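Please look at the sequence and the 3D structure below. This report describes a few of the features found there.

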Amino acid sequence: VGDDEWIEGCYRYRRNSDIFAVENIVKGSLEFLQNGKKYSVGPGHVYLSHLGADNDTSTGPEGYCLKKTMIISGTLLPGILAITGLANTDVVRLSRPEFVSGLMDKAYAESRDKAVNFMQNCSAISYHVIMELSSEINRSSHPPRLQLALEILNRKMNENLSVSEICENTGMSSVTLHRLFKKHVGMSPISYYIRQIGRAHV
């Protein structure tokens, strides 16, 4: 885990990549090509360099990029990526980029300081990053009003928030809100809110 700074002219290609990497763009942009699909990625985007993939990365129009890189490995990784939907995902747009950056910084501090249990702590943080990215791709498939409700909940985690406030800001009744949450998220709005607060404090 660590920061990775690119300047104009930087270029990397991997053939049959032997790593899985989470690349979180903080400033600037990159052009990313993986298995024939091309992406322009900037702040608020994470791109995933997959095991066995062919990919090319170069600086974008600004000629500069600062990103955070986390390489994750392990025998269970392919199964976890498949279950979470990330195995077939190249780029994730983040609704909480600062949160993901914070997790990556925490993993960097753990690996740098090498305190007791740092490997287990880094593994837990890596898993947390994977779950956050999985949540992001699932959010993108939600109906617009549910997506708005999720964004409000995630944005206001440090505030006291009521169901009536969410309903007022999304134009939904509490019945519709609960129905959409149960159908697409698998839990009530309150359960989701409590889970997100718990994740934020891990």
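Predicted model: local features only at pLDDT ≥ 70, side-chain atom pairs only at ≥ 80, totals over all residues.

Five strands make up an open sheet, in the order β1-β8-β3-β6-β9, with antiparallel pairing. The edges are taken by β1 (2-7) and β9 (91-93); each has a single partner strand, so one side of each has no neighbour in the sheet. On average, neighbouring strands of this sheet are turned by 25° against each other, direction ignored.

Strands β6 and β9 run antiparallel and are joined by three bridges. Y47 stands opposite V91 in β9.

## Aromatic rings

A pair of aromatic rings is described by how far apart the centres are and by the angle of the planes. The model has four aromatic pairs. One of them is formed by F32 and Y47: the distance is 4.3 Å centre to centre, with 40° between the planes, and the pair is tilted. F32 belongs to strand β4 (residues 30-34) and Y47 to strand β6 (residues 45-49), so this pair ties together parts that are 15 residues apart in sequence.

Are these two residues buried or exposed? Buried means under 20% relative accessible area. F32 has 0% relative accessibility and therefore counts as buried. Y47 has 1% relative accessibility, so Y47 counts as buried too. Ring pairs also link F32, Y39 and Y47 into a cluster.

Key
Residues numbered from 1 in each chain as written. Heavy atoms only, no water. Phe/Tyr/Trp six-rings, centres within 6.5 Å; stacked < 30°, edge-to-face > 60°. Helix = DSSP H or I, 4+ residues; strand = E, 2+ residues; numbered from the N terminus. Buried < 20%, exposed > 50% of the residue type's maximum accessible area, 1.4 Å probe, protein only. Pairing = 2+ DSSP bridges. Axes fitted to C-alpha atoms, helices over the stretch in contact; angles between N-to-C directions.
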